[in-house]
Amino acid sequence: MKTFSIHRFKNVLWWDLRQQRLFILRMTLVWTAIFLFIYLPNLLYKLNLINEPGTEISVFWGIYIIYITLVAGRFLGGYGQRPQRLGFLVLPATNFEKFLSRLVYVTIVATLIFAAGFLIADLIQFLITLIGKSRQAEFMFPHLFDMNLGFFTIKYQETIALPLFWLSSLTWGQSLFLLGGVLFRKHQVFQTIIFLTLLSVAIFMLTTYLANIFLEEYMFVYDPSRANTTLLLWSAGFAALAVLNYWLSYRLFCRLQLIHNKWLNI
């Protein structure tokens, strides 16, 4: 089986979702509780129980960016033990189909879990406000799009450079945790954070040292006219690094074994 088959891929994805169904349910309930907590000040204000205005829902995107980045570290979540890993590795599908199935799980499925928690919490706060006979009963998700999605539309931007920069940097960050999720054996998110922290410190020290050497010789002046070009170059760089991380993740995934080293999946 060297060619990609959409039928085999769907079977692998469906098998994966069945194996993770209890975890998916728990995470949906967890995100529902988190968003209800975020809604709480707004809900109490609508019910005239407090005099201060509610919490802005603009924190949604910040929470989502952190969540979708960290959840990539759970690329092999649920398959760390030998029996679970054996069941996954012996599935009648190619390595690419299995890898793509897990990639869909930590991106699309994880996003749907996050969105489901948000919408369920939104429905609950709406019903509570309605039962409380408040005239301010309303859903929050329309405000979410009004407040945030304008950032990603060209209508409110002179160029598309800034949205591309944020999208490419988010993809790069997620690909780093994806690579860590495949490379490390246990506590993948925690180990990846430690590794990236040490790497960031080393890069910062190196760049500071080089800046002190070349600062007097090369003086960089900010030019607003070149800002968009700079953002596009950074976007291209982040995109290239993300592709490299995805490729390395796939190559490491192809080398997964039942018996492996203590700290690494190689």
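**Exercise 1. Find how many aromatic pairs the whole structure holds, and classify the pair Phe96 and Tyr250.**

Step 1. Rings of Phe, Tyr and Trp (its six-membered ring) pair if their centres lie within 6.5 Å; planes under 30 degrees apart are stacked, over 60 edge-to-face and the rest tilted. Searching the whole structure gives 24 aromatic pairs.

Step 2. Between Phe96 and Tyr250 the ring centres are 5.9 Å apart and the planes stand at 80 degrees, so this pair is edge-to-face.

Step 3. Phe96 belongs to helix α5 and Tyr250 to helix α9 (residues 227-254), so the pair ties together parts 154 residues apart in sequence. Helices are DSSP runs (H or I, at least four residues), numbered from the N terminus.

The model is predicted: local features need pLDDT of at least 70, side-chain atom pairs count only at pLDDT 80 or more, and totals for chains, interfaces and linings use all residues. Residues are numbered from 1 along each chain as its sequence is written, and side-chain values use heavy atoms, with hydrogens and water left out.

**Exercise 2. State whether Phe96 and Tyr250 are buried, partly exposed or exposed.**

Step 1. Buried means under 20% relative accessible area, exposed over 50%, partly exposed in between (1.4 Å probe, protein chains only).

Step 2. Phe96, at 40%, is partly exposed; Tyr250, at 22%, is partly exposed.

**Exercise 3. Locate the charge that sits over the ring of Phe23.**

Step 1. The criterion is NZ of Lys or CZ of Arg within 6 Å of the ring centre and within 35 degrees of the ring normal.

Step 2. Arg74 places its charged end over the Phe23 ring, 4.3 Å from the centre.

Terms used: Helices (H or I, at least four residues) and strands (E, at least two) are DSSP runs, numbered from the N terminus.
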